[in-house]
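Biologist: Could you take me through how the helices and chains pack in the model shown here?

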Amino acid sequence: MIVQAILFYIFGTVAVACGVLVVSARNPVHSVLFLILAFFNAAGLFILIGAEFLAMILVIVYVGAVAVLFLFVVMMLDIDFLQLRSGFVQYLPIGALVGLILLAELILVIGGWAVSPSVPTQAPVLTAAGGVALSNTRALGDILYTRYLFGFQVAGLILLVAMIGAIVLTLRHRADVRRQSISAQLARRRAETVEVVKVPLGAGSD
Amino acid sequence: MANFWTGYAWPTVITAIEVVIVVVPLLLAIAMLTYAERKVLAFSQLRKGPNVVGPFGLLQPFADGLKLLVKETIVPSGANRVVFVVAPLITFTLALVAWAVIPFDPGVVIANINVGILYLFAISSLGVYGIILAGWASNSRYAFLGALRSAAQMVSYEVAIGFVLVTVLLCAGSLNLTEIVEAQRHIWFAIPLLPMFVIFFISALAETGRAPFDLPEGETEIVAGYFVEYSSMTFALFYLGEYGNMILMSAMTSVLFLGGWLAPFGVAPFTWVPGPIWFALKIAFVLFCFLWVRATFPRFRYDQLMRLGWKVFLPFSLLWLVLTAGVLTAAGWLPQR
């Protein structure tokens, strides 16, 4: 148990430290890298509580996809770091206010947390009918696709709409660009493209 | 204190020994793969390939390694030192850590975790960091262009790989790699899921940045892409990482589609050969296909690459996923566990 405790404190400390560094790092690329490290430590914490599915999904989705795009954008920005720092004192009160409000909300939510009375509070929550322990992937699937099916579908639809919106915003057709039409290329026959002409000497073909 | 020894210390020591048992042959295999690549390419082009160092040139990879070892490591003056050195380390480490979950025989695996396939997917999706960080930290136009190409390419093909994995999961009914292999005892998934097998193979080429999808390197346009500025051991780590990833992807292909350690037919002469040998043979076959493709096809243009990933593979794998789910449900073949 002691090793788990030590690991917990390592992951927790590094995650919090990374969180601080994300905000305080001078170079935005370094900020993103610290963010990625923070994600990793969060995944480590998930593994410690036995939620290996969530840990892997966190790494795949956030580190493998979202953070890559983050990094992608941040790297290409041309940022003047000094200018970025200049408004720090000016924005401090607003930032502090937002932080305080979020903190108060978190305290309210966690303080008023109540586990559903139908669920036993201690460990053996995830057992199948025969009393066999379920893997947490399966347990999550069971709950997500039966009890919370609607919520799940609605969340998916919202994401789909957001995606379509982003595509519509950036889509533009330029008429002056020649595009490759692979189906047209593949559908071509020899007769349409090549003509063998017997050219008489000195006359030339048309 | 007895608890400490039996609970923590010995498992750690045993795991460390297992890691060595896996990693040393793996490094040897990487070295031999570089040799095999040059030989296969040479024979495809009616040349002899390396044949001077050692018998049949077999010691060529070690000569190359030694050469890289004694060269000078150059860090460009405008480069971000820490990130510049960390990037190849990331690439190489990721190519090795994924082997923790690969099963070589029933029960012969370093970590038999429940979410093995997700772990593999996570590790392979991290591979892009080594490249993108290298490109950024080099502070060079060519390297940066290579990194951008590579990031877009890997993110695109991951989507198709994800759908292929989900299809395999549906048929196997488990995220555990050992159980996935066991599920193929009657028929290898390569046969009922042939189109997905092909998509997975091609996406694996793109994911590892191999020809014909080696645009991140594209030596004709951007000299060598993300590792232009690297020399000596830092370059060697990239090189080893790339070949390690090839072997890893081949192992994934074998586990997911070619029945891992299972013999092709469950009858006498085939079952005499031990499982790990079958596994190695299958990996070698897929690797040969990697090299064969490189010797055969010209490089894609970047827009063709993107088109293939997003407009062909993604819709097709999505369709095949829905089809598989439908057939499994309609026929009542869904694996029960």
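**Helix contacts and the chain interface**

Modeller: In this predicted model, local features need pLDDT of at least 70, side-chain atom pairs count only at pLDDT 80 or more, and totals for chains, interfaces and linings use all residues. Residues are numbered from 1 along each chain as its sequence is written, chains are lettered from A in the order in which they are written, and side-chain values use heavy atoms, without hydrogens and water.

Biologist: Which residues of helix 6 of chain A does helix 3 of chain A meet?

Modeller: Contact means heavy atoms within 4.5 Å, and helices are DSSP runs (H or I, at least four residues) numbered from the N terminus. On the helix 3 side of chain A the partners are A:Glu52, A:Phe53 and A:Leu54, and on the helix 6 side they are A:Asn136, A:Thr137 and A:Leu140.

Biologist: Which residues of helix 4 of chain B meet helix 2 of chain A?

Modeller: Helix 2 of chain A contributes A:Val29, A:His30, A:Leu33, A:Ile36 and A:Phe40 to this contact. Their partners in helix 4 of chain B are B:Leu126, B:Tyr129, B:Leu133 and B:Trp136.

Biologist: How many salt bridges are there between chain A and chain B?

Modeller: The criterion is a side-chain nitrogen of Lys or Arg within 4 Å of a carboxyl oxygen of Asp or Glu. Although 28 residues of chain A are in contact with 28 residues of chain B, the count of salt bridges between chain A and chain B is 0.

Biologist: What area do chain A and chain B bury between them?

Modeller: Buried area is the accessible area (1.4 Å probe) lost on putting two parts together, summed over both. Carbon and sulfur atoms carry 75% of the area between chain A and chain B, which comes to about 2300 Å².

Biologist: Which three residues supply 24% of the area that chain A buries against chain B?

Modeller: This trio supplies more of that area than any other three residues of chain A. They are A:Met56, A:Ile60 and A:Met75.

How values were computed. Helix = DSSP H or I, 4+ residues; strand = E, 2+ residues; numbered from the N terminus.
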